[in-house]
Amino acid sequence: MSESRTIRVTVRGSFDNLTDEQKAALAANGGDDLLSVEYTEQGHVTYDIAARPFFTFRFAEQVADEKEIPQAAIRAEMKAVAWLEERGYGYKKITSQTVDMSEVPLGKRGRREAAKS
């Protein structure tokens with residue numbers, strides 16, 4: 001039996017050819033808290049349209065096997081593109097990066113918590 005893995009996918013890109021109305025709407029929505037980093041199944045988007053045209057989506061997904069990680073990245077990119085297209089926002093240069101959380105070493109606090117278990 002294989003163990004489920006938590007995969008974090010970060011999708012980055014830039015807005016492209018936005019109208020003044022779209023820029024105003026994005027600025028009004030604020031792009032969530034730039035200091036708050038959340039990885040969720042639905043995705044968490046951050047941007048600062050007043051400073052630069054870039055956005056970042058963060059997704060979390062469970063996969064059963066390491067071989068499924070590339071598909072998780074593709075699904076995350078598709079979710080990000082769907083969000084942009086639903087709102088009529090132009091975009092370019094979509095890239096993604098994945099992190100398998102089972103491969104991330106525990107820090108001092110994490111090792112201490114794991115020892116308690």
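Select phenylalanine 55 and phenylalanine 57: both are buried, where buried means under 20% relative accessible area, exposed over 50%, and partly exposed in between (1.4 Å probe, protein chains only).

Before moving on, note that this is a predicted model, in which local features need pLDDT of at least 70 and side-chain atom pairs count only at pLDDT 80 or more, while totals for chains, interfaces and linings use all residues. Residues are numbered from 1 along each chain as its sequence is written, and side-chain values use heavy atoms, with hydrogens and water left out.

**Stop 1: the sheet**

Switch to a cartoon view. Four strands form an open sheet in the order β2-β3-β1-β4, with antiparallel pairing. The edge strands, β2 (44–47) and β4 (91–100), each pair on one side only. From one strand to the next, the twist averages 20°. Axes here are lines fitted to C-alpha atoms, for helices over the stretch in contact, and angles run from 0 to 180 degrees between N-to-C directions. Strands (E, at least two residues) and helices (H or I, at least four) are DSSP runs numbered from the N terminus. Two strands pair if DSSP finds at least two bridges between them.

**Stop 2: strand β1**

Select residues 5–15, which make up β1.

Pick out glycine 13, which stands opposite phenylalanine 55 in β3. Then pick arginine 12, whose bridge partner in β3 is threonine 56.

Look for valine 9, opposite threonine 98 in β4. In a regular strand the side chains alternate between the two faces of the sheet.

**Stop 3: the aromatic rings**

Show the Phe, Tyr and Trp side chains. The whole structure holds seven aromatic pairs. Rings of Phe, Tyr and Trp (its six-membered ring) pair if their centres lie within 6.5 Å; planes under 30 degrees apart count as stacked, over 60 as edge-to-face and the rest as tilted.

Start with phenylalanine 15 and tyrosine 47. Their pair is edge-to-face, at 5.7 Å centre to centre with 90° between the planes. Phenylalanine 15 sits in strand β1 and tyrosine 47 in strand β2, 32 residues apart, so the pair links distant parts of the chain. Phenylalanine 15 counts as buried at 5% relative accessibility. Tyrosine 47 is buried too, with a relative accessible area of 5%.

Return to phenylalanine 55 and phenylalanine 57. Their ring centres are 5.6 Å apart and their planes stand at 75°, so this pair is edge-to-face. Now select the cluster linked by ring pairs: Phe15, Tyr47, Phe55, Phe57, Phe59, Trp83 and Tyr89.

**Stop 4: arginine 58**

Arginine 58 is in strand β3. Is it buried or exposed? Arginine 58 is buried, with a relative accessible area of 13%. Its side chain makes a polar contact of 3.2 Å with that of threonine 46. A polar contact is a pair of N or O atoms within 3.5 Å; within protein, one must be able to donate a hydrogen and the other to accept it, and residues adjacent in sequence count only if both atoms are side-chain atoms.

**Stop 5: glycine 90**

Finish in the loop between α2 (69–86) and β4, where glycine 90 lies. Glycine 90 is partly exposed, with a relative accessible area of 23%. Serine 14 is 76 residues away from glycine 90 in sequence and 8.5 Å away in space, C-alpha to C-alpha.
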